[in-house]
Structure formats: C-alpha cells, structure tokens
Amino acid sequence: MMKFTRKIDFQSHFLSPAYYEFLDSEGMEKPDGFPTPDWDLETQLEFMDTLGIGFAFLELSSPGLYTAQKEKTLGYVRRINEEAAEYVSRHPERLGFLGVLPLPHVEDSIREAVYALDTLHADGIGVLTNSGGVYLGDRRYDDLMKELDGRGALVVIHPAAPAVSIPNVCEDISIPAMEFFFETTRTFTNMVLMDTFARFPGIKWVVPHAGAFLSILADRFESFSVMLRFDNPDRHADFMADMRHVYFDVAGFSEQKQVELLLKNVDSSHLLYGSDTPYTDIFACIGQTEALEQTKKLTYEQKQMIFTENALELVPRLKKITSLGGHNYAAGK
C-alpha cells in the first residue's frame, strides 16, 4: 500500500475510442515502435487507487493527431476532447483533462483551445514537442501563445517522435526509450533560444520526465546563453532562469539520478508527480512511485510538495476538492 495517498498526476494518459480509431485509420499498429496499451475508465481508476493517486489530469500521448488531411485532424481532435470531457463528467473529483489541439494549424488550434477551456472546462492544454515537424518555440505559434498567455493557461508538454530520424542507428530501441529524452531537451532549449518563456510568462508550463537531459546540460547550455545575451542584450535567452520558471513532472525512472540533479537547478516547489500510465506497465509504475516515496534524497516535506501541495498551488481549483484539501497528505511518516 502506498504511503502517500493523495497524489496528483500530471502524466496520466488516456486512449479514447476515437483515438484508437485514429491510430487504426493511420495504420499505426506500433506507433513510435511501442505497443499501444489497452485503456478504459475503470482500469484508470484502479491504477489510481493502486498508486495512491487522488486526482489525475487525462492527457493524450504520442503520436499526436497531425495528418496531411487537415479536416481529418480537426474532426478527431474535437471528438477526443469531447470524449475526455465526458470521462471527467463521470468522476469530476478524481479526473481533469488537458485539451488536445490540431497543431500546427494555429487559427484552428486557437478556436479549439477556447472551446476546450471555456465550453468543455479543460484544466489546461496538452501539446507535443513537435507537430508535423513544427516545434514549440516556433514564431508561427505566437498567436496561440498569446491566447494561452492571456488566460494564464496550464500547458503540459509531452515528447513525440523527432521530426527527422537518423536511419540505421539504434533501430532496436523504441523511440520513447531514447528519442523522447532528446526531444524534450531539444524543445525546451529551442523555447529558451526563441524567448518563448520570457515573451509569454503567464503560461504555466509543465516539462515531462524530470526535464530529460536538461539538468546534465544546464551549465553547458547556460554558458552559450551568456554569449547570446552578450551579442544581443535585447535577448532573454536565460537557460537557468527559464528552468526555474517552469514546472517538471517526475514521471519515469527519475528517482535514481534525475530528481537529485534537477534540484540543483530548480526549487522543489516546481516539481510534480507523474505516473505515465498506461504506457508504463503498472508494476513499473509501482516501483517508480515507491522509489520516490522511500528515497532519502528528498525530505518528507519535499515529497508532500511533489505529490500534492505544488499541484494545489498550480491549479487552485483542486483546493475545492475535499479529498485533496488540508495538509495531511500521507497515511503516516
């Protein structure tokens, strides 16, 4: 039994009927070289109970819904958002959802974001590192960023397959195992270089998997950022400041090395729990979660913050949910 029983999950994936239909229509039997898991609402709730999760934000994973057929993308985006909202309506005190957008189509994405947030009452927006080869940070997304910034929206990033893959290299390992970490690191760095975080400070960004390789490369990247600012004082390009600005979920095998490194650059108030169900096997999720609960690299207070308290501050509506309120987040020390 989990010690901390009121966790709030920022990387909980759902696969609705329309999403399964989309994957089938695109001939994706093993998208990203990884088997598509089974998912249903009842199993979702069972996983949550097993892992001590009190509340989860349902989010679409990779692959996204981009196709060369724009109308097809728009249709599936709307159907999946409405399916997610219907799941939430059944268990509003246990589930929220992150709206999916038809990127890289900016005007359509703005309309869908408004619909998801205002009509379907999504808690935020989920975006992939790249959609159709257009990466976050690209200035073509500025109008969408302005809309989300003005709303102070929660925006959760998830890695996708890279826009360009190198043939005949590491082909026996699935894309999520390695390329997802490169994608997250590449995308965050691109957003720093394009001053995305500085130009749209109202957006509440969540970066996945404890920031991937960001903590390892932070000092190296910051040295280059200093040179960029020296060459052009009008640029923000502040790698360390941007790391401190965003939030990080700690999904995956983060306890072993990543969390300790991340805390050298980021305050513990900016770390959030993530399970990565159902793409990560439930037994692996149990092991990863128990490692976070039992680690000596975090204080008891830091664990409380990561599992529950930080999320309550980031998404204030959660404070109204009785089962998540108060300060006694664990069954005991």
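Is Asp 32 buried or exposed? I opened the predicted model with that in mind. Asp 32 has a relative accessible area of 14%; buried means under 20%, so Asp 32 counts as buried.

**Entry: positive phi.** I looked up residues other than glycine with a positive phi. For Asp 32, phi is near 60 degrees. I located Asp 32 in the loop that runs between helix 1 (17-25) and helix 2 (41-51). I then turned to Ala 210, a residue other than glycine whose phi is positive, near 55 degrees. Ala 210 sits in the loop between strand 8 (204-207) and helix 8 (214-231). Its relative accessibility is 1%, so I noted Ala 210 as buried too.

**Entry: cis peptide bonds.** I checked omega next. Ser 62 and Pro 63 are joined by a cis peptide bond, with omega near 5 degrees. Pro 63 belongs to the loop between strand 2 (53-59) and helix 3 (70-90). The bond from Thr 277 to Pro 278 is also cis, and its omega is about -5 degrees. I placed Pro 278 in the loop between strand 10 (271-272) and helix 11 (282-294).

**Entry: cavities.** How many cavities of 30 Å³ or more does the structure hold? I found one. The volume of the largest cavity is about 40 Å³. I listed its lining residues, among them Val 250, Ala 251, Gly 252, Tyr 273, Cys 285 and Leu 292. Gly 274, Ser 275, Gln 288 and Thr 289 also line the largest cavity.

Terms used:
Residues are numbered from 1 along each chain as its sequence is written. This is a predicted model: local features need pLDDT of at least 70, side-chain atom pairs count only at pLDDT 80 or more; totals for chains, interfaces and linings use all residues. Side-chain values use heavy atoms; hydrogens and water are left out. On a 1 Å grid over the protein atoms alone, a cavity is a set of points where a 1.4 Å probe fits but cannot get out, and a pocket is an open set with protein on both sides within 12 Å along at least five of seven lines; lining residues have an atom within 4 Å of a point. Grid points are joined across faces, edges and corners, and a volume is the space filled by probe spheres set on the points. Helices (H or I, at least four residues) and strands (E, at least two) are DSSP runs, numbered from the N terminus. Buried means under 20% relative accessible area, exposed over 50%, partly exposed in between (1.4 Å probe, protein chains only).
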